[in-house]
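Welcome! Take a moment to look over the sequence and the structure before reading on.

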Amino acid sequence: MDEKFILALDQGTTSSRTLLVDSKGTIRGTSQMEFKQIYPKAGWVEHDPEEIWASQWTTIWKVMEDARIDFSQIAGIGITNQRETTIIWDKMSGTAIGNAIVWQDKRTAPICEQLKSKGLEDYVRENTGLVIDSYFSATKIRWMLDEVDGAQKKAEAGELLFGTVDTWLIWKLTGGKAHLTDYTNASRTMLFNISTLEWDPFLLEQLNIPHSMLPAVKPSSGLFGYFKDEGHRIPICGVAGDQQAALFGQACLEEGMVKNTYGTGCFMLMNTGDNKVISKNGLITTLACSTGENIQYALEGSVFVAGSAIQWLRDGLKILKNAADSEKMAAEAAGCEDLFVVPAFAGLGAPYWDMYARGAIFGITRDTTGAQLVKATLESMAYQTRDVLEAMAEDSGIKVKSLKVDGGAVVNNYLMQFQADILNVPVERPEVVETTAMGAAYLAGIHLDWWDYRIIMADRRIDREFTPVMDSDKRQTLYHKWQDAVRRTRGWAEK
């Protein structure tokens, strides 16, 4: 009998990836393909929805070709995706009405201001768990309906569909038969009530968004339709937004467990169990992965710019030839402690939520080197993570004992050690850093009865633990300087 696998689709902000996972939870193959980032105006970020699909499909074929298997050996498909990125397409033709508006995009800040002027901030926080910000999908939908000719009329006639990237991929894989999302992705739209687990009619009315545009919403592990190929019906049976998938993939399945993902941005999540903690410190409340009727919540802090700041050093400033050089350069620049980079390229996320902050470098002198800029940029990820963790501990009342980490930047030992030092807690790097894709695979595997929570928690192995070595006076001095630098960037682009 042929060996069976799960395809774990990991559709990210800058690339699409597919992992081939066997029934033991071992990654047996991976394929990745970057796609174009589109910047029509300052603060605008777009993707071509068809290119997203084409790149994802290419990686599916490539990983299977490399492994010399066909669809008869695929037991199920899991999907994890960049969240909040917004696509609207025609129900009949399946053609998008424009480019996807990416989560980083700032064009809808004026719509957010209108909502705030209506006094909706408390309602949004209490019912969606979010803050009013251009980050989330709701105002992106409103912008597209306003700006694309005839879109509002077509939406009201039931001719347009909205989806985050998971919904778009499900639609494509099922040949237009399934218009679905899961709780985690729905909870990032600023339209979903995380208590009733339904689209919020009041917010839809406030934004004049027809309910008919919205996908049906399901738990993260379950049947989302079938992909068909030459007689094979393959269930799509695990779906989660990337950060909740990473929380699941890190086996943070119990209340109080925390993970941080270092990707394009930094995203820290704490599992709060069935306790819907509404933040008083600039964090957001979101739905964690669920495998049935038992709903779990999480506190989240989103740092908009992390790994993308390293890309900026490489592609914009040309200081780096490749991102891997950053560890060596930072180590060489050790001792330079008065240089601070605040990478607020797209405003500041948690716990500040300042759409008008902009990036800045403080402490430059005539002898400042490229290596020192690299070091300060790496350290900015660790400082921003501390900003979020302190807010999280205050909101939850839970003192974090360790931080589980994943994402591309965790291979950087300099960053991980500095992270442990500035937090004063151990940092755990797993053997398998593909925790986001593994989260999607685990969710699919649970539906297929391959795994359960006990197996997933037992399967997690630590590659290295970084323990704090910095003395407390130095730690506090550096952090206070960082906070001062952040204050100086606030509100820079405000009219």
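Here is a short briefing on a sheet, a helix and some backbone details.

This is a predicted model, in which local features need pLDDT of at least 70, side-chain atom pairs count only at pLDDT 80 or more, and totals for chains, interfaces and linings use all residues. Residues are numbered from 1 along each chain as its sequence is written, and side-chain values use heavy atoms, with hydrogens and water left out. The labels H and E stand for DSSP runs numbered from the N terminus: helices (H or I, at least four residues) and strands (E, at least two).

**The sheet**

- Seven strands make up an open, mixed sheet, in the order E17-E18-E16-E15-E21-E22-E23; two strands pair if DSSP finds at least two bridges between them.
- At the edges stand E17 (284-287) and E23 (462-466), each with a single partner strand, so one side of each has no neighbour in the sheet.
- Strands of a sheet pair through backbone hydrogen bonds, either parallel or antiparallel.
- Strands E16 (residues 266-273) and E18 (residues 297-303) run antiparallel and are joined by seven bridges.
- You can find one of the bridge partners in E18: Tyr-297 is the partner of Gly-273.

**Helix H1**

- The 19 residues of H1 (residues 49-67) should span 27 Å at 1.5 Å a residue, and the end C-alpha atoms are 28 Å apart, which agrees; the expected span is 1.5 Å times one less than the number of residues.
- Buried residues (under 20% relative accessible area; exposed is over 50%, partly exposed in between, with a 1.4 Å probe and protein chains only) in H1 include Ile-52, Trp-53, Ile-60 and Val-63.
- Asp-48 caps the N-terminal end of H1, with a side-chain oxygen 2.9 Å from the backbone nitrogen of Glu-50.
- Thr-59 belongs to H1 and is buried, with a relative accessible area of 1%.
- Leaving aside residues up to four places away in sequence, Thr-59 touches Ser-16, Arg-17, Thr-18, Ser-31, Gln-32 and Met-33; contact means heavy atoms within 4.5 Å.

**Backbone details**

- Just after H1, Arg-68 has a positive phi of about 60°.
- Leu-197 is not a glycine, yet its phi is positive, about 60°; this residue is partly exposed at 21% relative accessibility.
- Lys-318, in the loop between H10 (307-316) and H11 (325-332), has a positive phi near 60° and is exposed, with a relative accessible area of 63%.
- The peptide bond from Ala-350 to Pro-351 is cis, with omega near -5°.

Conventions:
Polar contact = N/O pair within 3.5 Å; in protein donor to acceptor, adjacent residues only side chain to side chain.
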